[in-house]
Amino acid sequence: MKIAILDDYFDTVRTLPCFGKLAGHDVTIFNDHVQDTDTLASRLKDVEALVLIRERTKIRTPLLEQLPKLKLISQRSVYPHIDVDTCTRLGIVVSSSLHAGTPSYAAAELTWALVLAAMRQIPQQVASMKAGKWQMGVGTTLRHKTLGIHGYGRIARVVAGYAAPFGMNVLVWARPDGLERARADGYAVAASKEALYEASDIVTLHMRLVDATRGIVTVTDLRRMKPSSLLINTSRAGLVAPGALEAALRAGRPGGAALDVFEEEPLTDPSHPLLNMDNVVCTPHIGYVARDEYQVQFTDIFDQIVAYTDGSPTNVVNPAVLAKRR
């Protein structure tokens with residue numbers, strides 16, 4: 001098959017052991033990021049299988065209708081960036097394993113790195129030294145603090161486990177099935193979402209972005225937080241209502257935030273409000289960007305391509321397409 005891999009910024013994929021699974025195929029790897037429909041259509045006009053790195057590029061109807069040879073889109077994780085209904089209409093199979101069976105340990109680790117970086121003001125202290133100054137402020141430790149976890153899936157469960165060695169209390173709010181899992185794991189459950197935000201010293205978000213969760217964190221929720229508290233978001237920016245975080249931070253509740261996700265990505269505008277707040281730590285959506293994690297993810301992605309070429313597509317998110325696939 002003629003395969004294209006998009007958005008491999010640092011040309012990492014070809015160096016992974018699992019890349020050998022594509023031996024014998026005609027593979028083109030693009031290291032830049034392009035969203036312009038005409039440019040993508042020109043690049044991909046002969047492609048039969050498209051490999052996506054998470055949600056970096058939106059695959060919308062105007063583009064799909066210009067790719068007559070495309071038979072398969074293979075990726076991992078959720079797929080709000082793909083017009084799946086259009087793929088079904090055009091006979092294009094979309095395969096995505098949705099992290100089946102494994103959490104993203106890389107994302108969990110990045111969450112904890114942001115907790116430590118923000119609470120101890122590490123980026124600000126580093127910047128102070130590089131500017132020829134010494135200490136710029138006084139940080140806060142984690143011991144005896146309450147870690148509030150909003151949402152309780154695979155990644156949240158790993159993050160909760162990190163809290164114990166730091167002497168933290170864990171408090172959870174989630175859907176009923178998530179609360180049941182949290183209780184079974186021995187964690188305290190908040191009486192309500194409002195209680196979670198009021199009681200926590202740190203709130204970390206761990207939910208998929210779907211219609212039911214879009215904007216689930218409101219400015220009212222955030223303003224319930226303590227002036228000394230911290231919001232962590234390594235999940236999706238859309239979980240927080242538009243403008244709510246900026247407004248709450250300016251009002252002093254919460255006292256700070258650490259973010260790995262943004263409404264528009266890549267975020268390259270240095271004038272963006274969140275990039276200009278001294279109490280906000282920002283990273284460029286690197287929660288899953290680790291070599292070990294790539295090996296796990298692309299093993300699944302390439303296995304889906306192998307299964308397709310063998311005539312038995314796997315992890316198909318649009319099963320209706322199987323009766324009329326190209």
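**Helices and loops of a predicted model**

Author: The buried residues of helix H5 pack against strand S12 (280-282). The model is a predicted one, in which local features need pLDDT of at least 70 and side-chain atom pairs count only at pLDDT 80 or more, while totals for chains, interfaces and linings use all residues. Residues are numbered from 1 along each chain as its sequence is written, and side-chain values use heavy atoms, leaving out hydrogens and water.

Reader: Which residues of H5 are buried?

Author: In H5 (residues 122-130), they are Gln124, Gln125 and Ser128. Buried means under 20% relative accessible area, exposed over 50%, and partly exposed in between (1.4 Å probe, protein chains only). A helix here is a DSSP run of H or I with at least four residues, and a strand is a run of E with at least two, numbered from the N terminus.

Reader: What puts these residues on the same side of H5?

Author: They cover an arc of only 100° around the axis, and therefore they lie on the same side of H5. The arc is that of the directions from the helix axis to the C-beta atoms. The face turned away from the buried side carries the exposed residues Met129 and Lys130. Just after H5, Gly132 takes a positive phi of about 85°.

Reader: What covers the buried residues of H7?

Author: The buried residues of H7 (residues 176-184) are Gly178, Leu179 and Ala182. Their arc is only 100° around the axis, so they are on the same side of H7. Strand S7 (169-173) and strand S8 (188-189) are among the elements that cover them; contact means heavy atoms within 4.5 Å. On the other side of H7, Pro176, Glu180, Arg183 and Ala184 are exposed.

Reader: Why is H4 called oblique to H6?

Author: The axes of H4 and helix H6 (residues 154-163) come within 9 Å and cross at roughly 45°. That angle makes H4 oblique to H6, because angles under 35 degrees count as roughly parallel, over 145 as roughly antiparallel, 65 to 115 as roughly perpendicular and the rest as oblique. The axes are lines fitted to C-alpha atoms, for helices over the stretch in contact, and angles run from 0 to 180 degrees between N-to-C directions.

Reader: Which residues in H4 and H6 meet?

Author: Tyr105, Ala107, Ala108, Glu109, Thr111 and Trp112 in H4 meet Ile155, Val158, Val159, Tyr162 and Ala163 in H6. The residues of this contact divide into 9 nonpolar, 1 polar and 1 charged. Ala, Val, Leu, Ile, Met, Phe, Trp, Tyr, Cys and Pro count as nonpolar, Asp, Glu, Lys and Arg as charged, and the others, Gly among them, as polar.

Reader: Why is Leu98 called partly exposed?

Author: Leu98 has a relative accessible area of 26%, which lies between the limits of 20% and 50%, so the residue is partly exposed. Leu98 lies in the loop between strand S5 (93-96) and helix H4 (105-119). Not counting residues up to four places away in sequence, Leu98 touches Arg76, Ser77, Val78, Tyr79, Arg154 and Arg208.

Reader: What makes Asp36 partly exposed?

Author: The relative accessible area of Asp36 is 43%, and therefore this residue is partly exposed as well. Asp36 is found in the loop between strand S2 (26-29) and H1. Asp36 and Thr57 are 21 residues apart in sequence and 9.8 Å apart in space, C-alpha to C-alpha.
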